[in-house]
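Keep the viewer open while you read.

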Amino acid sequence: STKMAGDDVPEDAPEACPGTGSDQAGKSDACAGCPNQKICASGEAAIPDPAIAVIAERLSNVKHKILVLSGKGGVGKSTFSAQMAMGLAGMDKQVGLLDIDICGPSQPTMMGVEGESVHQSSLGWSPVYPYDNLGVISIGFLLGNKDEAVVWRGPKKNGMIKQFLKDVHWGDALDYLVIDCPPGTSDEHLSVTTFLGASSPDGAIILTTPQEMSLLDVRKEVTFCRKVNMPIIGVVENMSGFVCPKCSTETAIFPPTTGGAEKMCTEMGVRFLGRLPLDPDMMQCCESGTPYLAGIHTCEPEDLAANIALEGKARVNFRAVLKSCIAILDQA
């Protein structure tokens, strides 16, 4: 059977490559002249990367591993990942946030820890901690300055992701590891799903905006998850309308001309987690690196219930999505 490119096909392989896992690897007519022919024919290329087992051991004390994905850029994955991690930490959970957007790392800014650096110890790399129960790892901490461009080809990006998964010491135990992924279905996504192969990830939360231009690519992300056997926790429709803070009128900035994310979920048999409206407060929280939801880091314990009760529609929706995710993960 024909293998999908990128499934187990080397970057420098010919277009008709049968895949390193195929019994025709190194033997078919398509393999003639391929620089990998000898190693494929020997069967060595089909041997699983030993790092996969090392990563499984490293992450064995992480209760829930969640990927935040989208086929489309600019739909709010990093924003959602950051505030999901902060929201969980605000519920007194032990949380890790791993930013694998190698070319566009934004978590150092969104977590309010820009300019910090990662330290190494005998246990591995130590995350940066904006709060005592929330650790963050990003290539942004490894750059000389924040304007430096990461101009890397696939193999080098994949090596960085492997190192993050294999060498970061998250502490004694984590309740949640949130992995912020770049848009698309390419190198970074194949790498992280492969490297987590023996680590039993809980699955992916897929973000989209309501309009068809976004849904076109998000459908591909759903298909990608199914191809690589990544469970889908559900889909979140972000930027779903704007509620005016003055008059409370709701406006559809991105009209759902084809029914939006909920209809797509029904058609594709995927769980719909909810809608998150546009909120200027969310942007301000991400710019300043502060929590969007009330939690143990924003107020005293005795004031927490009152602060939650005062949250407006956008925050109520975000908290509801977060609680739905927690419930789904706890049932798994």
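Which residue just after α7 takes a positive phi? Keep that in mind for point 2; and remember throughout that this is a predicted model.

1. Let's start with helix α7, which runs over residues 212–227 and so has 16 residues. From first C-alpha to last it reaches 23 Å, close to the 22 Å expected at 1.5 Å a residue.

2. Back to the opening question: the residue is Asn229, with a phi of about 60 degrees.

3. Now for the covered side of α7. Buried here are Glu212, Ser214, Leu215, Val218, Glu221, Val222, Phe224 and Cys225.

4. What do the buried residues of α7 pack against? Two helices are among the partners, α6 (187–195) and α8 (260–268). The strands are β1 (62–69), β8 (203–208) and β9 (232–243).

5. β9 deserves a look of its own. Mostly covered, this strand has 10 of its 12 residues buried. β9 pairs with β8 in the parallel sense, over 5 bridges, and Glu237 is the bridge partner of Thr208. β9 also runs parallel to β11, again with 5 bridges; there, Val235 is partnered with Phe272.

6. How do β9 and strand β10 run, parallel or antiparallel? They run antiparallel, and 2 bridges join them. β10 covers residues 250–251, and its Thr251 stands opposite Phe242. The two strands form a hairpin with 6 residues between them. In the turn, Ser248 has a positive phi of about 70 degrees.

7. Last stop, the second largest pocket. Its volume is about 330 Å³. The lining takes in 21 residues, and those nearest the centre are Val75, Gly76, Thr79, Asn238 and Met239. β9 turns up again here: along with α3 (77–90), β11 (272–278) and α11 (313–331), β9 gives two or more residues to the lining.

8. Which element gives the most to that lining? The answer is α3, with 4 residues.

Key
Residues are numbered from 1 along each chain as its sequence is written. This is a predicted model: local features need pLDDT of at least 70, side-chain atom pairs count only at pLDDT 80 or more; totals for chains, interfaces and linings use all residues. Side-chain values use heavy atoms; hydrogens and water are left out. The expected span of a helix is 1.5 Å times one less than its number of residues. Buried means under 20% relative accessible area, exposed over 50%, partly exposed in between (1.4 Å probe, protein chains only). Contact means heavy atoms within 4.5 Å. On a 1 Å grid over the protein atoms alone, a cavity is a set of points where a 1.4 Å probe fits but cannot get out, and a pocket is an open set with protein on both sides within 12 Å along at least five of seven lines; lining residues have an atom within 4 Å of a point. Grid points are joined across faces, edges and corners, and a volume is the space filled by probe spheres set on the points. Two strands pair if DSSP finds at least two bridges between them.
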